Amino acid sequence: MPENPAPRKRLLSGMQPTGTGALHLGNLEGALRSWVRLQDQYEMFCFIADWHSLTTRYEETEKIAPACREVAADYIAAGLDPSKCAIFIQSHVKEHAELHLLLSMITPVGWLERVPTYKEKRELMQERGGGDESVSYGLLGYPCLQTADILVYRAHAVPVGKDQAAHLEISREIARRFNRLFGNVFPEPQTVLMEGAAVVPGLDGRKMSKSYGNAIYLADGPDAVADKVKNAFTTPTKIRKTDPGIPEHCVVCQLRRLYDPDGYKASWDEDIAGERGCMQNKKELAEVLNTVLEPMRSRRQELLADPAELERILQNGAERARAAASDTLSLVREAMHLR
Ligand code: TRP
């Protein structure tokens, strides 16, 4: 008999479903590709934070469940393997809510008020015309719920981008506070740097983001990709084919390098030399992108065409998550003398 290998450390990752849920190239390069690598190194839990989306979208709740299925399909299409990592929806594992409630009792309001994303989201909600009453207790508690998501698995590691760094810091502080008050239950979750994560430029040259309307989605069909690329920003000073391009200032050239690392060089040289028009550049980029996206696109279509299979995957993920989470809650109730 081979010896049992050391148990793998636990890692938790997740995203909030926004809009229709569809993920874009920025999500793919900024997170999913790293997650796919990490699923072989860690015992991984990968979830979709539907409760978190209620913090800003409580008026359109009917869109959240379908958006979660889109996210799940994109996770799997990008290469997350449900047999290696538990893929599930946050609200299917009620232990997140119980732990959130308990942690909320020991989380100072001042810590939450200082989180930069809270200030930003407050302003956003107010700009949308909701006034003070659109800023809920739940929005203030966002990082506390996020802490519960992590600690409920006693996760050692969380892969996050820069935008989530403040949330992870508060998670560590809450874990420390709990451990000090009630005994050592939680490891302090560490940030896992996402190696090689690329920032993907959006079609307008800003960072690719759903809210900027400048994204290419894993769900986009070949024609949608070609149309979007046609409208992408190129070197502003290149009007005619013979004008020299500046690939660093051209979204099309940047995406070409990212998705055609072995073949982009000649096209860049021609662009710089004024030997290549933007039309040709765009046509070729659309082909490159469609070749990369095609397998993911068809995988996500397959999954969404078989809702029963997707539900089975999510139920199975939730069961595995629940098993781990309920062990933690037993320890927590014990430590807090709740019985
Ligand atoms: N805040 C994350 C986002 O906006 C989603 C999230 C919720 C999360 N809970 C988490 C991420 C726990 C990592 C760990 O996408």
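At 5% relative accessibility, Arg300 counts as buried. The structure examined here is a predicted model.

**Exercise 1.** Determine whether Arg300 and its salt-bridge partner are buried or exposed, and state where the two residues lie.

*Solution.* Step 1: the partner of Arg300 is Asp74, with the closest N and O atoms 2.5 Å apart. Step 2: Arg300 belongs to helix H13 (residues 278–305) and Asp74 to helix H3 (residues 64–77); the pair thus links distant parts of the chain, 226 residues apart. Step 3: buried means under 20% relative accessible area. Arg300, at 5%, is buried, and Asp74, at 0%, is buried.

**Exercise 2.** Explain why the salt bridge between Arg333 and Glu98 ties together separate parts of the sequence.

*Solution.* Step 1: the two side chains meet at 2.8 Å, N to O. Step 2: Arg333 lies in helix H14 (residues 307–335) and Glu98 in helix H4 (residues 95–104), so the pair joins parts that are 235 residues apart in sequence. Step 3: Arg333 is partly exposed at 29% relative accessible area, and Glu98 is partly exposed at 29%.

**Exercise 3.** Identify the side chains that place a polar atom beside a nitrogen atom of the ligand, and state how far the protein covers the ligand.

*Solution.* Step 1: 13 residues surround the ligand, and helix H8 (142–151) gives the most to this shell, with 4 residues. Step 2: the distances to a ligand nitrogen are 2.8 Å for Tyr142, 2.7 Å for Asp149 and 3.1 Å for Gln164. Step 3: the protein covers 89% of the 370 Å² of accessible area that the ligand has on its own.

Definitions and conventions. Residues are numbered from 1 along each chain as its sequence is written. This is a predicted model: local features need pLDDT of at least 70, side-chain atom pairs count only at pLDDT 80 or more; totals for chains, interfaces and linings use all residues. Side-chain values use heavy atoms; hydrogens and water are left out. A residue is near a molecule or strand if one of its heavy atoms lies within 4 Å of it. A polar contact is a pair of N or O atoms within 3.5 Å; within protein, one must be able to donate a hydrogen and the other to accept it, and residues adjacent in sequence count only if both atoms are side-chain atoms. Accessible areas come from the Shrake-Rupley method with a 1.4 Å probe; for residues, only the protein chains shown count as cover. A salt bridge is a side-chain nitrogen of Lys or Arg within 4 Å of a carboxyl oxygen of Asp or Glu. Buried means under 20% relative accessible area, exposed over 50%, partly exposed in between (1.4 Å probe, protein chains only).
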